[in-house]
Each structure stands twice: as structure tokens, then as C-alpha cells.
Amino acid sequence: MSLLSINAITQRFGGITALSDITMSVEEGTIHGLIGPNGAGKTTLINILSGLVKPSEGSMEFNGRQNGPWPMASAVQYGIVRTFQQTRVFMGLTARENLRIAHVAGAGDANADDLIEALALGDVLDRVAGELPYAVLRRLSLALALGLRPKLLLLDEPAVGLAPDEITKMAEVIRHFHGQGLTVLLVEHNMRFLMELASRVSVFVQGRLLFEGTPAECQNNPTVIDAYLGRGLKHVEH
Amino acid sequence: MKQEITFRWVIPAIVVLLAVIGIPFANDYLLYVATIIVLMSILAVSYDVLLGLTGYLSLAHGFLYGVGAYTTAYLTTNSGWGYWPALVASAVISGVMGTVIALVAFRTRGIYFAVLTLGIGLVGYQLFLVLEPITGGVGGFIGIPGLPSLPGFADAPQRNNLVIALLVLAVAYGASMLFLRSSIGAACLAVREDVVLAQSLGIRIGMARLCAFSFSAVFAGAAGSLFAAISNFVGPDDFSVMATGFQTVVYVVVGGMGTLWGPVLGAVLIVALPEILRGASTYAVFIYGLILLFFILFAPKGIAGFLLAAAKRMSRSGRVVISKEAEAR
Amino acid sequence: MLELLPQQLVNGLALGSSYALIALGLTLVFGVLQIPNFPHGELYMLGASFTYVLVAYGMNFWVAVPIASLAVVIVGILLDQVGYRRIDTGGNLSLMISALAMSTVLQQVATLIWGAEPHTTLSPLPGVLRTAYFSIGYYQMLIFAATIACWLFVWVVLHRSRLGLAIRAMSQNKMAAQLMGIDLIWIRIATFAIGALIGGFAGSLLGASFPIYPTMGLNPVLKAFVILVIGGVGNLWGAIVGGFVLGILEILVSAYISSQLQDIGTFAVLVIVLIVRPNGLFGRAEVLR
């Protein structure tokens, strides 16, 4: 059953068409990858799905009941939560306060112990976020989003800028919560990371949906290789 | 972080201790100064809920303070109300005014918010002058009845004033603490730190900052009400933008934004300073300006920042000593 | 009533040109550096006060104007170096509080030196032009001309000089401008110098038609912020047009409704504009048109 269906979404900014007639769906309980070169419209789609931006045309449906475009507050209520490509946490507050805000002020539940453990935040709880290293901030921002107990998590490049061992940890975390029933829409440039996690992959090029299939199909599809993967794919193989 | 929580209780404890020790012995002048300090602390604490927690700089609070003062003046002098109902009415009317102002002002951000509230503050000041039948115009109100006596304080009006002001401060401080720890308080912090992230976490930012503004307006009104009854006189000059409204910003910034106990220290220091430098009252505003400039440039975390850093250093050096002892063993 | 309308419009233009002159410097600094230079009103006040003092010592008014204006330039540069530069990355709130603090300090310094009472000077250019419909003082015409001249001056500096190109580059994108080798510190100094020059010049001229006192800058600078909201931040032409519109509006309100409501009317306009367009009438307009 598809958790999210996107129906003929188009997004124009002035004269530029960032997304053109996108129709796709995300199945419940999957990790769905979204790849494409810069400017392909991946982040724009995340912005639309999370309610930050209203699309120029098109509609979407969540969980068979909610119809969009929806505003940001409703998206969170439905259970659609996003992270940001650039690390966004409340920099002036401690990690504990960050988590507390997500729980107390937002829609999340009070018990964050599993998140603290899964994301290895126990040692830094009382430190101000602005002083924490980048990799920890990445995990903290993921914890904020997970604290809302989403049904669908929109991850915008969670592995960007991380060292290899941190990337492995990140993948473990995503898999851990996926195992608890979380559906994930994952935008990522790191092919190895994405291909290992995702069970389905959509390829965007210049605002259009070029291809959709399993990671294996994707890696072997000549149009995809031509348009985008090319050299990147060889990196993955070696 | 832990030090911060300690200070939240230590500072009020010191205030209570000073009051218990000092009130029976202080002369009328000291009592009066202390009362003004407490009044300004009420303003500072509640204003910190807006400025410190949400990061919005409002310059309309001098006007809201005035609304409270004029409401009490009018009700007790012209309509024969008792003080306590007038206090409640002042807080409510100021709160409603504040809410209306906030609904307009929060359509804007940053500098526009400051400019808009400044404009509202100026219009309000003009209104105090223009609405002569209600406010008494330039002349203001004279002969406002004083505060009612608490049991046991009937023959010591200055002591009585100070005790009542302290009680209102206790309410303001307690309510501010509750606000900070409530879900709305958490939402306010989120708004201050990162509005987009707050929204993406489903936090209702409009509601949060509106509550903070209304909250501060209610206590600004209550402080104004006390001021009217204590000074027996209100005139427009106390409520111009550059008077009490500006001073409140100074108390909060100097004390340490967002800590709630810091602004109390700020008010104590800033009000006491010109009194200590007797005869320097012509320089008072000049000194306020310089102090504000100094703190925002060199110590944006205020006095609270100094104290917290010092406390942290002490506890750290304490821990070092302990671990060295452990090593020695 | 209506036969007085041409006269009211002329009065409005005269008042409006004073507002426009003050708004011009404010919008430049705000547009380029994103600094809400609240003490611009005090630069205006200092321009008037310096001129007053020089004239009182027997100097010719027309000699005193440039000297006073240049003295204000130094104060303007100092404001930036002392109060803004070191907290430029600290966010809007710090800049606003710093601006507010410096504004108060300058007002108080002026009070300590010259006292709080208003001073007036004789108009250096007396005489009135009378026509069938209205009359206007020669000095008011001069201020009107000075307003247009200042606008032209700023426009030429911004669009016909290397310095102007650098300033415009900086207002668009600080980082890119730096990468292109533009020295930010000198651009800041130049921008503040031009802003202060116009502010001081405005005060120096207008001090001859308005009373001079330490808080004389407060109301005009607020009007100037209203004009920025109406005309668009960093929009020079918007500052001029907005100034005239506001001046005419105020005179009409005061003539046909109530003189007590003159200022209230202005801020009512501000409130309405901000309710309809929270980021100003033109949003963040194309900077420095």
C-alpha cells in the first residue's frame, strides 16, 4: 500500500521550472531513495512534501486520507517530518533542551531515551549545541525529527560531510528505525550509502522523473547511466 | 546548565532574605528606593519572557506600563474602585491591549517589529496627552489613593508598599518560571533560535510568541498599577518610549537576556546606581545608554553570563581538586 | 477650506523634503549594510547643533554648513566603528540594541553640553515668494532643491564611480564582493560617511527652520523609518517620493482633521502598510535604485 502518492506536481519559481509534472508514490515501510544531479529538484520536492513550499500545480495524498498540498503544521500532525540539508538544530540551546523542545512544543512524545541511545547522544546532553562537532549535530538534528515519531521521514542528505565511520553509523540508525516501521524518503548524493539502504530509487534530472526501480535496475539502466550515474557508478563498483 | 538552574532559586532566595532582614530596619528613603527596584524587577522579569525567550524587541511596553498606571489612576480616583480590583483590571486591560498590539506587530519581523512597536509606543504617548478627559493630559492625575494596608503594616506605609510590590514580584517571577518551563516557553525558545526549524517540528510559533507578548503586557500593566498607587501621581512623561520602556530593555540586556533572574539583578543594579551616585541624576539616562552599549558590545550575556561563567569555573576547579586527590590516593 | 489646498500642498512638499532628506541617508546605510542606524536622527541633530554653535561664534552660515556636515561625518564613522562593526555577525537584535544605546548616548551628550531647551537661529535666507494661489519661503525652496541635489549626488556616486560600484556589489552580496577583492572595511566607512554627510547636511540646513534641541532627531528618524517601509529599504527614489508623500499627508491631516493627530496619522499609515505588506510596501526592493 502506498503511504504517499504524489500526483502531477509542478513547481515554478519565476521563469524556472524546478519540478515538472512529477507523479510517484512511496510504499509504506520502504526506504525510498531519491537521486539526481544538483538542481534536479530533490530538495524542492522535500520542501513541498513538508509544507514549507506550496507547489504551483498538482496534488498529493498521505495515508489514504490526507490530501495536500498541506501546510507545515499539518504535515507534522499527519506524521511527515523532514530534516535539512544544512544542519539545523537550536544552536544556542543544549542538546537536552533541543530534544525537550521537539517533545514538549511539537507533537512528539516525552520519552526520548531510545533516541538518545540509538543516536549516541548520552554524553553530550548538557552541552550547548553550537559547541558540538558536526557529526554529532547531524545526529542531533535527526533525533529532533525522530522525536516527533513520524510515519514518513524526509531525509535531505543525512550523510553529507560525514566521515566514513560516521556514515556507517548513520546508516545503522536509519535501518534501526526503519525496522520499527518508519518509512523513509531519502535524498542522498553518496551512492553507496543510498544503494545499500534503499529498496526503491527514483532518479530526477532537471525537474523530471527520469526513472524508477530497484537499486539494481537503476544501476544497470542505460538512460540513468547516461544522464547521471556514469562515473559515480563505477566508484560504487570498485 | 546546572548552575543556571541553581541561580533560578538562589537569586529569589537572596531577595527574600534581604527583605526579611532589611525591611524592619530600613528608613523611608531606602524603603522607597527598594520599592522602585522591585517595581522595575517586575517589569524586567516579565519583559524578559518576550525579549529573552522569543528575541523580539518591543518598544511599546512603556505604553503598556502606562495603560496599567492610568487604568488604576482612573478607576481608584474617579470611579471609586478599591485597589485590588483596579490592579486586576489594569493587568487585564494592559494584557488585552498588548494582545491587540501583538496581533498587528507579529506580522512583521526584526527591525520592522522594533520600528512598528516604537511607532505604537509614540502614538500611545500622544494618546495619553490627547485623551485629556481620561488621562488628565499634560497635567496627569494627582491624588491617586495609596496602596491598601496589609495586616500589621497600617502605620508603616512605605514598608507596606515594599511588601506588596515584593508579593507581586513573587507572582511575576513564579509565573515567568512556569512560562519558561511550559510547552509554550519551549516553543518560544525554538522561535528565538530558528523559526524555520521550529515550524518543521510542528511548533505553533504564532501562538507561542503571542502568548509571550500578552504575558509581558499583563505584568507591565500590573507594574504600572503599583506605580500609580505608590507615587500617587501619574503623568505622561513616565510613559514615553525613551523612559521606562527603554529602561526595561536596559535592565534585561544588562542582567542577561533569557535567564529571568538576570534581569532582576539588572534592575537592582541600574536603579540603585544613580541613587548611589547621588546628585548624578542628570547623568542617569546618559549612564544607562553607556552601560547598555557596553554590555551589548562586550558582554551580550549580561551579568548573568559573568556569574554563570564564574560558577562553572569554580565547580570545574572543584572537580579538578577532587580528581587530583583521588589520584594522590 | 479647499481654496487653501494649493498652499497646504506646498507646505506638505516643504515638510516632505525635510523628511526625504533625512530618509535618504538612513536608507543608504540600511540598504547597503543592513544596519538600522537609529542614531541617524542624532547625526541630524548634531548637524543642526554644530551649525548653531559655529554661527553663534560669528561664522557665516554658509561657511558653517559644510564644516558642520564634515564634523558629523566623523561622528558617523565613529558610530559604525565603535557600535556596529564588532557585533555585525551577532544578529539583528544586538545591532538594534546597540543603535538604540548610541542614540540615547548622543542625545544625552548633547543635553549635557547645550542643555535641553530649544534654540532657534535666524533664517539665513529670509523672504517669501507670493503667488496667487500660495506663498513659499525662499529658504524652503532652497531645502527642496537641496533634497533633489542630495539624491542626485548619491545616485551619481553609486552609479558613476568605482566606489559606488563596490558599494552596490557589497549590498548585493557581501561574500562575493569580498572574493572580488573589495575591501569591506573601507566600503563600510564610505557608506557611513555618505549617510552621515547627508544626515549632518540635513540637520545643518533644517536647523534654520526648526528648533534645535537634543531629541529633535527622534521624531524625524521615526518618520524616516516609516518612509523606508513605504518606499522600500535601500530605495533612494522611494525615500524621496515617500518623504514627499508623508509630508503632504501629514499637512493634510493636520489641516483638515486635527493638528493633534498629525503624528498619530503617520504611524497609523505605518501600521496599515505593515499589516497589508509585512515586509514593507515594496518588500526587500532592488537595492539602491
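Axes here are lines fitted to C-alpha atoms, for helices over the stretch in contact, and angles run from 0 to 180 degrees between N-to-C directions. The model shown in these views is predicted.

**View 1. Two helices of chain B cross.** Helix 3 of chain B covers residues 61-78, and helix 4 of chain B covers residues 83-105. Their axes come within 8 Å. They cross at roughly 145°. The crossing of helix 3 of chain B past helix 4 of chain B is right-handed.

**View 2. Residues where the two chain B helices meet.** Helix 3 of chain B brings Leu64(B), Val67(B), Gly68(B), Thr71(B), Thr72(B), Leu75(B) and Thr76(B) to the contact. Helix 4 of chain B meets them with residues including Tyr83(B), Leu87(B), Ile93(B) and Met97(B). Also among them are Ser90(B), Ser94(B) and Gly98(B).

**View 3. Chain A as a whole.** Chain A holds nine helices and ten strands. Its C-alpha trace spans about 50 × 45 × 35 Å along the principal axes. A compact globule of 238 residues would have a radius of gyration near 18 Å, and chain A agrees, with 18 Å. Of its 238 residues, 48% count as buried. Take the contacts in chain A between residues at least 6 apart in sequence: 67% of them join residues at least 24 apart.

**View 4. The open sheet of chain A.** Six strands of chain A line up in the order 6-7-8-3-9-10. The pairing is mixed. Strand 6 (80-82) and strand 10 (208-213) of chain A stand at the edges. Each has a single partner strand, so one side of each is left without a neighbour in the sheet. From one strand to the next, the twist averages 20°.

View 5. Strand 9 of chain A, residues 200-205, pairs with strand 10 of chain A in the antiparallel sense. Five bridges join the pair. Val205(A) stands opposite Arg208(A) in strand 10 of chain A. Helix 1 of chain A, residues 42-49, packs on the sheet. This helix touches strands 3, 6, 7, 8 and 9 of chain A. Its direction makes about 145° with that of strand 7 of chain A.

**View 6. Chain A against chain B.** Here 22 residues of chain A are in contact with 15 residues of chain B. Helix 2 (72-78) and helix 3 (95-104) of chain A each supply at least two residues of the chain A side. That side divides into 13 nonpolar, five polar and four charged residues.

Terms used
Residues numbered from 1 in each chain as written. Chains lettered and ligands numbered in written order. Predicted model: local features only at pLDDT ≥ 70, side-chain atom pairs only at ≥ 80, totals over all residues. Contact = placed C-beta atoms within 7 Å. Helix = DSSP H or I, 4+ residues; strand = E, 2+ residues; numbered from the N terminus. Nonpolar A, V, L, I, M, F, W, Y, C, P; charged D, E, K, R; others polar. Pairing = 2+ DSSP bridges. Rg over C-alpha atoms; globule rule 2.2 N^0.38 Å. Buried ≥ 20, exposed ≤ 12 C-beta atoms within 10 Å, placed from the backbone. Left-handed = near helix turned anticlockwise from the far one by under 90°.
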